Amino acid sequence: MTDAIENRQFRLVRRPKGMPQRHDFELATETLGEARDGEVRVAIEYISLDPAMRGWMNAGKSYIKPVGLGEVMRAGAAGKVIDSKHPDFAAGDPVSGNFGVQTHAVVPGDELRKVDTALADLPVYLGALGMPGMTAYFGTLEVGALAEGDVVLVSAASGAVGALVGQIAKKKGASRVVGLAGGPEKCAYVVDQLGFDAVIDYKAEEINDAVRRECPDGIDVYFDNVGGEILDAALANLRLHARVVICGAISQYNVTGNVGDTAYAPQNYLSLLINRARMEGFIVFDFADRYPQAAREMADWLAAGDLKHREDIVEGFDTFPETLLKLFTGGNFGKLVLAVED
Ligand code: NAP
């Protein structure tokens, strides 16, 4: 019998309008129950902060049920097993799963994934070797149908997904990979560390002119993480049979719908017709049955020192509401992770 464990958790109590605020959440404390048969108790060490969390706070139909009011905010996370009533797990095992924004969790063992901390530290399993890695892999190779010699443009190129998209595209034969990022520091990282061929500082340049300059013969694959004007600039520069991968549209996630703050409607969609191009959205979960194959290839690249990754780890569980906002202001530099430190 283990001593009672105090579990702290952020519950969603209000649906945000625009940027989420602290008062949209309640920081609550409960006593963690014992694990029942088939369950595992986990001490959470790192919580993944993802742009998608903003969508999960909204009511209405989506690809996944919204987080209910009063429920623990949904999140991927990683930590160590405290005790287990599942045959596959033992105390001390490093694991990842959908544990939520809380310091501890009791979860069915079947929903847990054991991770190898000899290969990479726990936070990497929330980034390059986790959901963002799978997103970059399948978004580029399957939805983007990357082919040898392609010219690839990627937005949010220094971020968790974008940084991997460019590297995967280069490995799989793209002839030119161009990123978009905000500010000189991120731009330097994209070219010097990640090995992109060129980068556009979309905060400092006229985007249309810059895309035309860097992709003079047009784009075969545009991997869109941001939507808005950047998507429009990419559409205006497509090549014949181009693929536009709609991975996300972070510039639109906090639009309030009020006068002067409405969703950006792409102007240049007829470029799809002219170029017989395809624009397709996807959700990474659609590829879940193929994660093991992709994870193995990503892990091999990582073990060979051939896959750059960067985590932006912010300490302090209590800072969750403010830390999350970094994603929407460009304040994060790499995969944003909250260290629980309990
Ligand atoms: P991230 O790129 O690590 O962080 C978000 C970045 O977006 C910020 O650092 C910022 O970079 C950029 N950004 C924020 N607001 C912007 C704006 N108004 N205009 C242009 N850029 C802006 O985040 P991530 O986890 O890798 O996610 C990237 C995208 O992938 C998101 O849209 C997310 O929703 C999507 N996603 C989709 C799936 C799926 O299954 N479809 C799965 C995972 C992620 P700069 O400083 O460079 O502007």
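Which side chain does a polar contact of 2.6 Å join to that of Asp 150? The partner is Arg 243, whose side chain is joined to that of Asp 150 by this contact; a polar contact is a pair of N or O atoms within 3.5 Å, where within protein one atom must be able to donate a hydrogen and the other to accept it, and residues adjacent in sequence count only if both atoms are side-chain atoms. The structure is a predicted model, in which local features need pLDDT of at least 70 and side-chain atom pairs count only at pLDDT 80 or more, while totals for chains, interfaces and linings use all residues. Residues are numbered from 1 along each chain as its sequence is written, and side-chain values use heavy atoms, with hydrogens and water left out.

Asp 150 itself is placed in the loop between α2 and β8 (151–154). Helices (H or I, at least four residues) and strands (E, at least two) are DSSP runs, numbered from the N terminus. Asp 150 counts as buried because its relative accessibility is 6%; buried means under 20% relative accessible area, exposed over 50%, and partly exposed in between (1.4 Å probe, protein chains only).

With a relative accessibility of 0%, Arg 41 is buried. A polar atom of the Arg 41 side chain lies 3.0 Å from the backbone oxygen of Gly 33.

The ligand comes next. The shell around the ligand holds 27 residues, of which Lys 186, Tyr 202, Tyr 253, Val 284 and Asn 332 come nearest; a residue is near a molecule or strand if one of its heavy atoms lies within 4 Å of it. By class, this shell has 17 nonpolar, nine polar and one charged residues. In that scheme Ala, Val, Leu, Ile, Met, Phe, Trp, Tyr, Cys and Pro count as nonpolar, Asp, Glu, Lys and Arg as charged, and the others, Gly among them, as polar. Domain 1 (5–127 + 309–339) and domain 2 (131–285) each give at least three residues to the shell around the ligand, with domain bounds that come from an automatic or database domain assignment.

A backbone N or O atom of Cys 247 is 2.9 Å from a nitrogen atom of the ligand. A polar backbone atom of Phe 282 lies 2.9 Å from a nitrogen atom of the ligand, and one of Val 284 lies 2.8 Å from an oxygen atom of the ligand. Taken alone, the ligand exposes 920 Å², and the protein buries 91% of that; accessible areas come from the Shrake-Rupley method with a 1.4 Å probe, and for residues only the protein chains shown count as cover. The elements that give two or more residues to the shell around the ligand are α2 (131–143), α3 (160–171) and α9 (320–329).

The cysteines may be considered next. A disulfide is a covalent bond between the sulfur atoms of two cysteines. Here a disulfide is taken as a pair of cysteine sulfur atoms within 2.5 Å, and a search of the whole structure finds zero of them. For Cys 187, the nearest cysteine sulfur is that of Cys 215, 14 Å away. Cys 187 is buried, at a relative accessible area of 8%. Cys 247 is likewise in no disulfide, and the nearest cysteine sulfur to it, that of Cys 215, is 18 Å away. Cys 247 is partly exposed, with a relative accessible area of 23%.

How many of the eight residues of helix α6 (residues 228–235) are buried? Seven of them are, so the helix is largely enclosed by the rest of the structure. The buried residues of α6 include Gly 228, Ile 230 and Leu 231.

Two residues deserve attention for their backbone angles. Most residues other than glycine have a negative phi. His 241, however, has a positive phi near 65 degrees. His 241 is found in strand β12 (residues 238–246) and, at 46% relative accessibility, counts as partly exposed. Arg 276 is not a glycine, yet its phi is positive, at about 45 degrees. Arg 276 lies in the loop between α7 (270–274) and β13 (278–281) and is exposed, with 56% relative accessibility.
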